[in-house]
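I opened a new page for a structure I had not looked at before. These are my entries, in the order I looked things up.

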Amino acid sequence: MSNAASEQYASPVPVLMHICCAPDATVPVLRLRGKGYEPIGFFYDPNIHPQAEYELRLRQARKLAHIQGFELLEGPYEPDHWLAATREFWKEPEGGLRCSRCFGVLLDMAARKAQELHVGFYTTTLFISPHKDVHVLEHIGREKGGLYGVTFLPEAFRKQDGFRQAVRLSKEYELYRQNYCGCIYSKLESDKWRAEHPNGTSWQRERRSTSTTGE
Ligand code: SF4
């Protein structure tokens with residue numbers, strides 16, 4: 001345990017961990033514990049479409065919480081709120097301004113929940129995805145943390161082969177791995193990519209943007 005804010009406190013230090021999906025949470029739970037934190041999972045993902053997919057991913061988060069032994073809190077499913085916040089940028093490709101708005105919705109609620117629970121730190125499992133711009137995530141996370149008086153932890157879960165480890169752990173735990181990020185637009189983009197790359201693998205698709213997203 002080094003260079004962690006938790007060093008100043010008696011361990012383990014609670015941290016609210018926003019969960020985007022169960023596979024992406026596998027490694028963050030282990031890494032946070034390794035640094036002296038105890039994650040409290042928070043599933044808040046109104047971006048996920050359709051509702052059946054949301055419910056499937058939520059069940060997987062519950063399964064992971066049981067396997068790894070962490071507390072899981074569940075936020076409301078409010079897709080209308082998410083659609084209203086991102087509507088302006090619906091035509092943006094994955095990784096663009098639509099995603100920045102999306103991060104804002106998710107992290108605003110996560111920071112608010114951390115404040116409500118009197119948990120001083122919060123972070124998000126979004127950091128492990130090769131599709132996400134870590135610099136944008138960090139900026140928004142800190143901004144929302146400032147609004148609610150909680151400290152955002154920009155944890156580099158993707159480093160040290162984090163994403164590949166998450167894939168391996170997901171298989172070991174028999175977790176469902178989705179083939180699109182979550183929103184209706186990402187589903188349409190993913191379906192299009194698969195139609196154009198009939199022999200492409202999920203791994204190839206996940207890797208296609210890592211050079212621009214901070215890995
Ligand atoms: S692609 Fe993913 S991060 Fe971007 S807006 Fe859709 S759900 Fe959110």
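Below are my notes, from the overall fold down to single residues and the ligand.

**Entry: what kind of model**

I noted at the outset that this is a predicted model.

**Entry: the overall chain**

I started with the secondary structure, and the protein chain has eight helices and five strands. Then I read along the sequence and wrote down the pattern β-α-β-α-β-α-α-β-α-β-α-α-α. How much of the chain is buried? I found that 40% of the 215 residues count as buried. I also looked up the contacts with a separation of 6 or more, and 76% of them come from residues 24 or more positions apart.

**Entry: the sheet**

Next I traced the strands. They make an open sheet of five, in the order β3-β2-β1-β4-β5, with parallel pairing. Which strands stand at the edges? I have β3 (71-74) and β5 (151-152) there, and each has a single partner strand, so one side of each lacks a neighbour in the sheet.

I then checked individual pairs. β2 (residues 37-43) pairs with β3 in the parallel sense, over four bridges. Within that pairing I picked out F43, whose bridge partner in β3 is E74. Helix α1 packs on this sheet and touches β1 (13-19) and β2. I noted the angle too: the direction of α1 makes about 150° with that of β2.

On to the other pair: β1 and β2 are joined in the parallel sense over seven bridges. Here I looked up M17 and found G41 of β2 as its bridge partner. I also asked myself how many residues of β2 are buried. The count is five of the seven, so β2 is largely enclosed by the rest of the structure.

**Entry: helix α6**

G162, F163, A166, L169 and S170 are buried. Why do I put them on the same side of α6? Because they cover an arc of only 120° around the axis. On the other side of the helix, I found K171 and E172 exposed. What do the buried residues pack against? I traced them to α1 (22-34), the helix I had already noted as touching β1 and β2.

The peptide bond from H49 to P50 is cis, with omega near -5°. I located P50 in the loop between β2 and α2 (51-68).

I found a positive phi at D161, near 65°, and this residue is not a glycine. D161 sits in the loop between β5 and α6. Is D161 buried or exposed? I have it as exposed, because 11 other C-beta atoms lie within 10 Å and the cut-off for exposed is 12 or fewer.

E174 was my next stop. Its phi is positive as well, near 55°, again in a residue other than glycine.

**Entry: H81**

I looked up H81 and found it in helix α3 (residues 79-86).

**Entry: around the ligand**

I kept the ligand for the end. Which residues are around it? I listed N47, E94, R98, C99, C102, C181, G182, C183, Y185 and S186. Sorted by type, the shell divides into five nonpolar, three polar and two charged residues.

Then I asked which helices supply at least two residues of the shell. They are α4 (97-117) and α7 (184-196). Of the elements, α4 gives the most, with three residues.

Notes
Residues are numbered from 1 along each chain as its sequence is written. This is a predicted model: local features need pLDDT of at least 70, side-chain atom pairs count only at pLDDT 80 or more; totals for chains, interfaces and linings use all residues. A residue is near a molecule or strand if its C-beta atom, placed from the backbone, lies within 6 Å of it. Ala, Val, Leu, Ile, Met, Phe, Trp, Tyr, Cys and Pro count as nonpolar, Asp, Glu, Lys and Arg as charged, and the others, Gly among them, as polar. A residue is buried if 20 or more other C-beta atoms lie within 10 Å of its own, exposed if 12 or fewer, and partly exposed in between; C-beta atoms are placed from the backbone. The arc is that of the directions from the helix axis to the C-beta atoms. Two residues are in contact if their C-beta atoms, placed from the backbone, lie within 7 Å. Two strands pair if DSSP finds at least two bridges between them. Axes are lines fitted to C-alpha atoms, for helices over the stretch in contact, and angles run from 0 to 180 degrees between N-to-C directions.
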